[in-house]
Amino acid sequence: FEVISKNPGSYDNIIKIVSISLVVPMSTADCERGFSLLNSIKTTNRSNLKTVNCDSLMQISRDGDGYE
């Protein structure tokens, strides 16, 4: 950090790349879990579901319906 503090404008691109790399997820498990849930909901019988309905069904499947 001593080099960066002496020349603060020289390393802007490197600082941006490091900042972005710290945000990138390390695994794709959440994404894969979402696609698996989507595939289980959107079967051949439900292939014409609109995006809003499909999204609602995915949220209910993932989080529950909220009623106990």
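Which residues make a nonpolar surface patch of about 430 Å²? The legends below begin with the whole chain and then take up this patch among other views.

**Figure 1. Overview of the predicted model.** This is a predicted model, in which local features need pLDDT of at least 70 and side-chain atom pairs count only at pLDDT 80 or more, while totals for chains, interfaces and linings use all residues. Residues are numbered from 1 along each chain as its sequence is written, and side-chain values use heavy atoms, with hydrogens and water left out. The protein chain contains four helices and zero strands; helices (H or I, at least four residues) and strands (E, at least two) are DSSP runs numbered from the N terminus. Read from the N terminus, the order of elements is α-α-α-α. Of the 68 residues of the protein chain, 4% count as buried; buried means under 20% relative accessible area, exposed over 50%, and partly exposed in between (1.4 Å probe, protein chains only). The accessible surface of the protein chain is about 6300 Å², with 57% belonging to carbon and sulfur atoms. Such areas come from the Shrake-Rupley method with a 1.4 Å probe, and for residues only the protein chains shown count as cover.

Figure 2. Helix H2 spans residues 12–23, and its twelve residues reach 17 Å from the first C-alpha to the last, close to the expected 16 Å. The expected span is 1.5 Å times one less than the number of residues. The number of buried residues among the twelve of H2 is zero, so this helix lies largely in the open. Ile14, Val18, Leu22 and Val23 make the nonpolar surface patch of about 430 Å². A patch is made of residues with over 30% relative accessible area and no salt bridge, like charges being joined within 9 Å and nonpolar side chains (Val, Leu, Ile, Met, Phe, Trp, Tyr) within 5 Å. Val23 lies in helix H2 and is exposed, at 67% relative accessibility.

Figure 3. The structure holds two salt bridges, a salt bridge being a side-chain nitrogen of Lys or Arg within 4 Å of a carboxyl oxygen of Asp or Glu. One of them joins the side chains of Asp30 and Arg33, at 2.8 Å from N to O. Both residues lie in helix H3 (residues 29–41), three residues apart, about one turn of the helix. Asp30 is exposed at 61% relative accessibility, and Arg33 is exposed at 54%.

**Figure 4. Helix H4 and its end.** Helix H4 (residues 51–63) has 13 residues and reaches 18 Å between its first and last C-alpha, close to the 18 Å expected. Arg62 and Asp63 form a salt bridge, their closest N and O atoms being 3.1 Å apart, and both residues are exposed. Just after H4, Gly64 takes a positive phi of about 90 degrees.

Figure 5. Lys42 is found in the loop between H3 and H4 and is partly exposed, at 38% relative accessibility. Apart from its neighbours within four places in sequence, Lys42 is in contact (heavy atoms within 4.5 Å) with Ser47 and Leu49. The C-alpha atoms of Lys42 and Cys54 are separated by 7.5 Å, the two residues being twelve apart along the chain. Cys54 is buried at 8% relative accessibility, whereas Cys31 is partly exposed at 45%. A search of the whole structure finds zero disulfides, a disulfide being a pair of cysteine sulfur atoms within 2.5 Å.
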